[in-house]
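Here is a short note to read alongside the model. Please keep the structure open as you go through the points.

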Amino acid sequence: MDKWLIGGALAAEASAAEEADRAVYQWVAEHRRLDAAAAAEAIGLDAAQARAALERLAAARLVHADPQEPGTGYAVAPEVAAAQLAAPVEEEIRARQRELLAMREQLRQFTSSYQRGVRAAGGALEVVSGMHTVRTLMTRAAAACRGEVFTCQPAGGFRTPDTLRDTLERDRPLLERGIRLRVLHPHTSRFHAPTQAYVAAAAELGAEHRTAHELFGRIVVYDRETAFLPMSDGSWGAVVIREPHTVAYLCELFEHAWEQAAVFADAASQGLEQVAREIDHTILRLLGAGLKDEAIARRLGMSLRTARRHIADIMDGLGADSRARRAFREARQSLMAALRACLVRD
């Protein structure tokens with residue numbers, strides 16, 4: 001109980017001091033004098049309260065004495081007082097920033113030695129944990145990039161508008177420096193309005209975007225020297241590959257997919273029925289290859305629920321009572337089509 005009473009008394013005392021400060025500050029602004037006795041008499045305070053208020057106002061840089069005329073002074077605008085108080089703090093911040101820049105410059109000289117040492121030790125493959133660490137490494141790779149970046153983004157419509165906006169802001173400096181940027185999307189992303197908006201904005205800056213029915217997985221490669229691959233356990237980590245032969249193989253894999261892909265266009269411009277038929281045909285082929293629903297959804301960049309709805313519609317349309325029966329029927333139709341094509345050529 002005593003603690004509550006003490007706390008209440010302190011709060012009341014602080015409130016009274018603030019009121020005294022405001023009253024004395026206004027009096028000084030009106031009379032341009034630093035006379036505690038006169039201020040106390042005019043405001044209705046005792047002299048000790050007025051002197052304490054003037055001391056607090058002077059410490060806060062809200063009143064300033066005229067050095068030429070003792071007892072004369074003036075009120076300082078709050079924003080000016082704030083600037084005076086902030087000046088040493090801002091200078092300290094700038095000094096610390098200079099220290100940070102110097103530290104980074106000092107450590108940067110070891111970058112090439114580290115990379116050479118990693119390669120020499122056979123550590124051209126690095127496993128990185130944590131989204132923040134991965135983004136930091138990718139930001140550095142982008143800043144050091146000299147010629148091109150390509151990426152495969154099988155997530156399709158799962159990417160949120162905020163994620164796509166962040167991606168565009170990361171792409172912009174690269175494109176403005178003249179870096180060639182190529183991005184592969186799944187065909188299903190043509191139905192995704194945020195992806196359409198991102199592609200349109202990036203294309204205006206010079207980025208190239210294509211789509212394919214199925215993609216081999218997420219990958220980002222900088223200058224054909226450094227590749228980032230996702231962790232197989234679905235975590236936010238990444239595998240960073242710098243070994244030249246492995247990176248070259250990944251580049252060939254991307255180029256093959258890029259050559260087979262089509263220029264990005266939203267589904268409405270191509271005809272929704274045609275796009276739907278293309279997706280169904282791809283699903284049929286993957287089903288015939290024995291892939292499970294989860295793998296099909298991942299390949300096509302769609303949710304598992306959407307993939308299963310497509311599969312159910314296809315099976316109903318074919319009248320198939322099992323996957324094996326439908327897969328056999330599809331394989332037989334493909335074989336007959338191939339034979340007819342051979343007969344026509346002969």
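**Notes on the predicted model**

1. The side chain of Asp 223 meets that of Arg 146 in a salt bridge, 3.8 Å from N to O. This pair links distant parts of the chain, 77 residues apart: Arg 146 sits in the loop between α6 and β4, and Asp 223 in the loop between β7 and β8. Arg 146 is exposed, with a relative accessible area of 57%. A salt bridge is counted when a side-chain nitrogen of Lys or Arg lies within 4 Å of a carboxyl oxygen of Asp or Glu.

2. A word on how to read the model. This is a predicted model, in which local features need pLDDT of at least 70 and side-chain atom pairs count only at pLDDT 80 or more, while totals for chains, interfaces and linings use all residues. Residues are numbered from 1 along each chain as its sequence is written, and side-chain values use heavy atoms, with hydrogens and water left out.

3. Next, confidence. pLDDT is the predictor's confidence in each residue, from 0 to 100. Its mean over the protein chain is 79, and 78% of the residues reach 70 or more. Over residues 3-7, pLDDT stays under 50, and the model has 0 contacts there beyond four places in sequence; contact means heavy atoms within 4.5 Å. Where pLDDT is low, the predicted coordinates should not be read in detail.

4. Now the overall picture. The protein chain has 14 helices and 10 strands. These are DSSP runs numbered from the N terminus: helices are H or I with at least four residues, strands E with at least two. Of the 346 residues of the chain, 32% count as buried. Among contacts between residues at least 6 apart in sequence, 68% join residues at least 24 apart.

5. How many salt bridges are there in the model? By the rule in the opening point, the count comes to 15. One of them joins Glu 148 and Arg 182 through their side chains (3.4 Å, N to O). Glu 148 lies in strand β4 and Arg 182 in strand β5 (residues 180-186), so this pair ties together parts that are 34 residues apart in sequence. Both Glu 148 and Arg 182 are buried. Salt bridges that share partners join Glu 148, Arg 182, Arg 224 and Glu 255 into one network.

6. Another salt bridge pairs Asp 35 with Arg 33, whose closest N and O atoms are 3.0 Å apart. Asp 35 counts as partly exposed at 27% relative accessibility, and Arg 33 is partly exposed too, with a relative accessible area of 34%.

7. Helix α6 (residues 131-144) is worth a look. Its 14 residues reach 20 Å from the first C-alpha to the last, close to the 20 Å expected at 1.5 Å a residue; the expected span is 1.5 Å times one less than the number of residues. Val 134, Leu 137, Met 138, Ala 141 and Ala 142 of α6 are buried. They cover an arc of only 140° around the axis, which puts them on the same side of α6; the arc is that of the directions from the helix axis to the C-beta atoms. The face turned away from this buried side carries the exposed residues His 132, Thr 139, Arg 140, Ala 143 and Ala 144. What covers the buried residues of α6 includes β3 (125-128), α7, β7 (219-222), β8 (226-230) and β9 (238-241).

8. Which residues of helix α3 are buried? They are Ala 50, Ala 53, Leu 54 and Leu 57. These cover an arc of only 100° around the axis, which puts them on the same side of α3. On the other side of α3, Glu 55 and Ala 59 are exposed. Just after α3, Arg 61 takes a positive phi of about 65°.

9. Finally, Gln 153 is found in the loop between β4 (148-152) and α7 (161-176). Gln 153 is buried, with a relative accessible area of 8%. Leaving out residues up to four places away in sequence, Gln 153 touches Arg 159, Val 183, Leu 184, His 185, Pro 186, Leu 215 and Arg 218.

How values were computed
Buried means under 20% relative accessible area, exposed over 50%, partly exposed in between (1.4 Å probe, protein chains only).
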